[in-house]
Amino acid sequence: MKELTFGTLIAVFEEIFGRGLFWIMVAAAVIVTLAYFYVLIRDRSVSWRKFLWAQLSMPFGAVAAVLFVQFMTHSAFSDIGGPIDVIVLLGVAVAGAIGAAILVYTAESLLRPQKNHDA
Amino acid sequence: MTKETQFSPSRRGFLSLAAGAGVLAAAGAGQQVRAQVATKAHIVILGAGAAGAALSNRLVERLDGAKITIVDGRKEHWYQPGFSLIAAGLKKANYSVSNTTDWLPRGVDLKTEMATNIDPEAKTVALGNGEVLTYDYLVIATGLTLDYDSIEGFEMDMIGKDGVGSLYAGPQYAAKTWEAAGKFAEEGGVGLFTRPNTEMKCAGAPIKHTFLIDDIARRNGSRGKADITYFANNNSLFGVPIVSEKIRMVFGDRGINHEYGHVVKSIDAGAKKVTFATPDGDYDRDYDYVHIIPPQRAPEVIRNSGLSWANKWTDQGWVEVDKHSLRHNRYANIFAVGDVAGVPKGKTAASVKWQVPVVEEHLVADISGTTSDASYDGYTSCPLITRIGRAMLIEFDYKNNLTPSFPGVIAPLEELWISWLMKEVALKATYNAMLRGKA
């Protein structure tokens, strides 16, 4: 890679997903993140009950992310060929897990606002 | 749980965090802005393929007032690195097809004609419709021509039928190649995989095709019925010795036979027989599937222009340029970039990505009356697919040195999933970004 700058990276991602879809996905990620912060601030605390549900969703998010990437790229677990492949696989899984946790926590908080003595 | 005071973010904290993120994003996204050079120069670019499109996009950013004319009679733009995937049934033909005009910047003049004559003394280019362009600078980025006619008995309409494949001929032919190759991968038989005895674009492609069809036959459970042989044109499997040895080992692992010094001379599709020219004379082989890659040469208009090397590649006619500056050795206002350039390595899109900024720097320096030390070192990259899901990310230069982009992270001679992911996911995107002058 030559000149791997932030601008290049944005250009590459625009081409992978199409400019429209990429920015919609960025917007969706930003909205979910902002909504997550919004509920944190609104509730002034982490609801550990909701966080438990969010944690339970993490393995599902991890597995879903890995299967999604494998499906999209004609790949399978047997294609893992070296340490970097394991790291990439774990990276995809962790990203899926965290994404799922944030999504579930935020959705729960928005749909079922915290009652006074929820915790 | 006690009171809800352990983690209590404030609105102000949240806002400053958001603002900080916004500033970071804005700072990162801001492109480096360089002052444009004012000029009235007329730059003619022959060819709107990967090199021509990328260069025109970059020149438009660098020059103010230049007249840029780009000459290409072909309406379709082909993403050629996709042909290997199409010919293995992994992508449809349209994966590689877009319009030439999709990639050209505003402000350049596209002539939808082919060049018919170049006169470097008079600094003119004649087009198919009789129009004559006069240039100050000429960039030759025509690509190359596939010389199927020099294979006796070969007709283009054989591709896809009776076990004949040739993925180089274009997206539709790559798809037809899959029809023939896919049948072989199901039924087995004798599979012959060949390459020409000229310089060729992406010398890894014939090897990728061999590995992919081997893998697909394995997945079909018919590999036991298939006898697969790869025929090298000379005494190595790949131009870079260390890579050649690695390929020999992987061939061994996969049970793929290989022969050296075999070049397809003629084909008899009716009898399903090819004749190879070898150092020991002609040699016939029957096949159930044969993959043909034709000899490759500079387009006729280039070979007739007097711009080719006189003492090298005389049967192929590549443009006589300095291998580091890509400037013509006899005409300082002429450059060649991409497949047509007469340099020892680098007929790939990855090479184009490295070559285009070099030509850009020299052109802009010439126009502004300075000099540039921008230099192309022969960088070429080849994600050498060894099966569906794995590839070796091979990068090298003129000196046959391996030049890994991610040393210690992505090993060049290992079959890795991440290298496959790069080919499958990131390569076309990077290529497209390059066409737009952004990578």
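Predicted model: local features only at pLDDT ≥ 70, side-chain atom pairs only at ≥ 80, totals over all residues.
Residues are numbered from 1 along each chain as its sequence is written, and chains are lettered from A and ligands numbered from 1 in the order in which they are written.

Helices (H or I, at least four residues) and strands (E, at least two) are DSSP runs, numbered from the N terminus. The expected span of a helix is taken as 1.5 Å times one less than its number of residues. For helix H4 (residues 171–187) of chain B, the 17 residues should on this basis span 24 Å, which agrees with the 24 Å between its end C-alpha atoms. Just after H4(B), B:Gly188 adopts a positive phi of about 80°. H5(B) is followed by B:Gly221, for which phi is positive and near 75°.

Strand pairing in chain B was assigned where DSSP finds at least two bridges between two strands. Strand E2 (residues 42–46) and strand E4 (residues 67–71) of chain B pair in the parallel sense over five bridges, with B:Val71 of E4(B) as the bridge partner of B:Leu46. E4(B) is also joined, by four bridges and again in parallel, to strand E7 (residues 108–111) of chain B, where B:Leu110 stands opposite B:Ile70.

A nonpolar core is defined as a set of buried Ala, Val, Leu, Ile, Met, Phe, Trp, Tyr and Cys residues joined through C-beta atoms within 7 Å. The largest such core has 132 residues, of which B:Ile45, B:Leu55, B:Val139, B:Ile140, B:Val319, B:Val337 and B:Val340 touch the most other members. Helix H9 (residues 417–435) of chain B gives the most to this core, with 10 residues. Domain 1 (37–73 + 112–144 + 298–367) and domain 2 (148–295) of chain B, whose bounds come from an automatic or database domain assignment, both give residues to this core, so it lies between them. Apart from this core lies another, of eight residues, among them A:Ala54, A:Ala62, A:Ala65 and A:Tyr105.

The C-alpha centres of domain 1 and domain 2 of chain B lie 33 Å apart, and the contact between the domains takes seven residues from domain 1 and five residues from domain 2.

Between the chains, with contact defined by C-beta atoms, placed from the backbone, within 7 Å, 29 residues of chain A are in contact with 37 residues of chain B. Helix H1 (6–17), helix H2 (19–43) and helix H4 (83–111) of chain A each supply at least two residues of the side of chain A that touches chain B, and H1(A) gives the most, with eight residues. The residues of this side divide into 16 nonpolar, eight polar and five charged, where Ala, Val, Leu, Ile, Met, Phe, Trp, Tyr, Cys and Pro count as nonpolar, Asp, Glu, Lys and Arg as charged, and the others, Gly among them, as polar.

How values were computed. Buried ≥ 20, exposed ≤ 12 C-beta atoms within 10 Å, placed from the backbone. Contact = placed C-beta atoms within 7 Å.
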